[in-house]
Amino acid sequence: MHRRAFLTTMLGASAAVSLSGCAKGDASADTKGASTRPLADEVPAGTSLKIASYQNVQQLQFRLAKLPALPFTVSSWVNIGAGPDVINAFRAKSLDLANNAGIPPIQAHYQGFAAKIVAIDITRKPNYLFATKPGSDIRTVRDFKGKKLAFSQGQAQGVVLLRALKQAGLKYDDVTLVPLTSNQFLTALQSGQVDIAPLANSQAPAYLKQYTGKGARTIATDVVDLLNLLWAPQSVLNDPAKAAAIAAYIPQWARGQVWQYEHSDVWNEQFYVKTQNLTPEQAQGISRLANKPLFPTGWDEAVKWEQETADLLAEGGFVKKFDVSSLFDHRFEPIAAKAVPAEYRR
């Protein structure tokens with residue numbers, strides 16, 4: 001698909017036109033003052049945040065880990081996870097803080113929406129693999145040439161796909177990128193709308209159980225999506241009370257991930273089996289692929305990775321080239337690492 005047609009399909013004709021000058025709008029707001037103002041030591045009384053918790057993971061994690069009460073009110077836990085949906089919720093002011101991969105902040109910047117990264121967990125092992133449609137003869141990434149690939153420009157799955165293509169020596173014009181969001185991938189595979197879709201490790205067992213007998217398979221690669229992060233709209237970070245609340249939330253977020261990693265047997269039963277309807281064996285398979293949480297004391301590696309990702313998207317004509325350092329609010333840089341034992345820092 002021609003790249004301009006791709007953008008028009010993804011965003012609508014009027015949006016595609018407006019994005020050509022996306023340095024204007026929300027992203028051009030004065031952010032320097034807020035980004036350098038020291039964080040308050042305490043969260044003012046009456047402060048509240050609306051926090052993303054896809055499939056209620058955060059509430060369950062915090063409850064099982066028996067973490068201390070947060071020093072602010074969570075006015076709503078929003079069941080939302082996909083990057084495009086998060087950006088829309090940010091715009092609508094129905095969400096203050098979200099957990100995503102590295103690509104949604106890049107996409108938000110491209111759309112002219114100002115938001116910043118406030119916490120980072122480094123991912124060292126792949127969280128995604130590629131699934132084929134039933135009856136496919138595809139066995140390697142090189143076999144993607146000439147095929148239809150499910151592609152979400154604003155989600156982690158999108159950058160994993162682009163990096164896999166580059167690693168295999170394939171150009172964008174060698175394949176057809178079909179614009180979809182990740183929640184459409186399974187249906188697109190099942191119907192044959194696409195030949196390949198990147199699936200999360202947690203999605204693959206159920207898909208294979210249903211379609212392996214019909215010729216579907218998965219293709220593993222060593223491509224990782226390095227960043228698991230928290231991010232927030234600039235307008236939220238401009239509010240000293242909300243910024244202080246986010247700073248208080250980050251340690252809980254980090255400790256919750258450490259607890260989940262250290263208590264995978266409990267998590268498997270309480271989340272994967274009870275809420276996702278997976279078998280204990282499937283849950284154990286997912287846990288074996290889980291990444292050990294690693295919270296960097298400094299963000300240099302993360303900034304470098306984010307720049308590489310933005311450049312990769314720019315090479316394909318999906319965004320305009322820009323300096324990603326503007327996406328990081330360094331006031332929050334040391335908080336997550338300080339909250340966890342030394343073995344979970346890097």
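These legends go with close-up views of a predicted model.

**View 1. A three-stranded open sheet.**
Start with the sheet, where three strands line up in the order β3-β10-β4 and pair in an antiparallel way. The strands at the edges are β3 (98-101) and β4 (115-122); each has a single partner strand, so one side of each is left without a neighbour in the sheet. Going from one strand to the next, the twist averages 35°.

**View 2. Strand β10 and its two partners.**
Here we zoom in on β10, which covers residues 227-233. How many bridges tie β10 to β4? Seven of them do, and the two strands run antiparallel. Two of the pairs to look for are I117 with its bridge partner W231 in β10, and K116 with A232, also in β10. Now look at β3: four bridges join β3 to β10, and this pair runs antiparallel too. On that side, N99 stands opposite L230 of β10. Is β10 enclosed or open to the outside? Seven of its seven residues are buried, so β10 is largely enclosed by the rest of the structure.

Follow the chain from α5 (83-91) towards β3 and you'll pass D96 in the loop between them.

**View 3. The buried side of helix α12.**
Next up is α12, a helix made of residues 264-273. Its buried residues are W267, N268, F271, Y272 and V273. They cover an arc of only 155° around the axis, so they sit on the same side of α12. What do these buried residues pack against? Their neighbours are the helices α4 (57-65), α11 (240-262) and α13 (280-288).

**View 4. Where α12 crosses α13.**
Staying with α12, this view picks out its crossing with α13. The two axes come within 9 Å and cross at roughly 125°, which means α12 is oblique to α13. From the α12 side, the contact is made by S264, N268, Y272 and V273; from the α13 side, it is made by P280, A283, Q284, I286 and S287. Three of these α12 names, N268, Y272 and V273, also belong to the buried residues of the helix. As for handedness, the crossing is right-handed.

Last stop: I335, which lies in helix α15 (residues 335-338). Is I335 buried or exposed? Its relative accessibility is 18%, and buried means under 20%, so I335 counts as buried. I335 touches L39, A247, I250 and P251, if residues up to four places away in sequence are set aside. Take P251 as an example: 84 residues separate it from I335 along the chain, yet their C-alpha atoms are 6.7 Å apart.

Notes:
Residues numbered from 1 in each chain as written. Predicted model: local features only at pLDDT ≥ 70, side-chain atom pairs only at ≥ 80, totals over all residues. Heavy atoms only, no water. Buried < 20%, exposed > 50% of the residue type's maximum accessible area, 1.4 Å probe, protein only. Contact = heavy atoms within 4.5 Å. Pairing = 2+ DSSP bridges. Axes fitted to C-alpha atoms, helices over the stretch in contact; angles between N-to-C directions. Arc of directions from axis to C-beta. Parallel < 35°, antiparallel > 145°, perpendicular 65-115°, else oblique. Left-handed = near helix turned anticlockwise from the far one by under 90°.
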